[in-house]
Amino acid sequence: MDCPEIVIGYAPTRRDQQINAETAGFRESIREKIAPWGAKLVDIDGIDDGMLYTHEGAKKVAARFLEAGVQGVFIPHCNFGCEK
């Protein structure tokens, strides 16, 4: 029996510190981890530097995920530990 493709929305978040998705470097690691599942990863490249941190960006991410048929979301916080 064939299983339907799983579609996962990946939206890394950050605080006001300057870090972008490229610097965080998690996207490719996540892709490698889910590859054996046969899942499709929908990222947020091109929105808020690839890191979710604004209300306007959240609206764009939601629209992208809905359009792509995302079934579940992974929203990791990627710059923890930078407290002042």
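Reader: How many salt bridges does a search of the whole structure find?

Author: The search finds 1 salt bridge. This is a predicted model, in which local features need pLDDT of at least 70, side-chain atom pairs count only at pLDDT 80 or more, and totals for chains, interfaces and linings use all residues. Residues are numbered from 1 along each chain as its sequence is written, and side-chain values use heavy atoms, with hydrogens and water left out.

Reader: What makes the contact of Asp 43 and Arg 31 a salt bridge?

Author: The term requires a side-chain nitrogen of Lys or Arg within 4 Å of a carboxyl oxygen of Asp or Glu. Between the side chains of Asp 43 and Arg 31 the N to O distance is 2.7 Å, so the pair meets the definition. Side chains of opposite charge can pair when their charged atoms come close.

Reader: Which parts does this pair tie together?

Author: Arg 31 lies in helix H2 (residues 27-34) and Asp 43 in the loop between strand E2 (40-42) and H3, so the parts joined are 12 residues apart in sequence. Helices (H or I, at least four residues) and strands (E, at least two) are DSSP runs, numbered from the N terminus.

Reader: Why is Asp 43 called buried?

Author: Buried means under 20% relative accessible area, exposed over 50%, and partly exposed in between (1.4 Å probe, protein chains only). Asp 43 has 13% relative accessibility, so Asp 43 counts as buried. Arg 31 has 31%, and is therefore partly exposed.

Reader: Which helix has the lowest mean pLDDT among the elements?

Author: Helix H1 (residues 21-24) has the lowest, 54, and helix H3 (residues 55-68) the highest, 95. pLDDT is the predictor's confidence in each residue, from 0 to 100. Where pLDDT is low, the predicted coordinates should not be read in detail.
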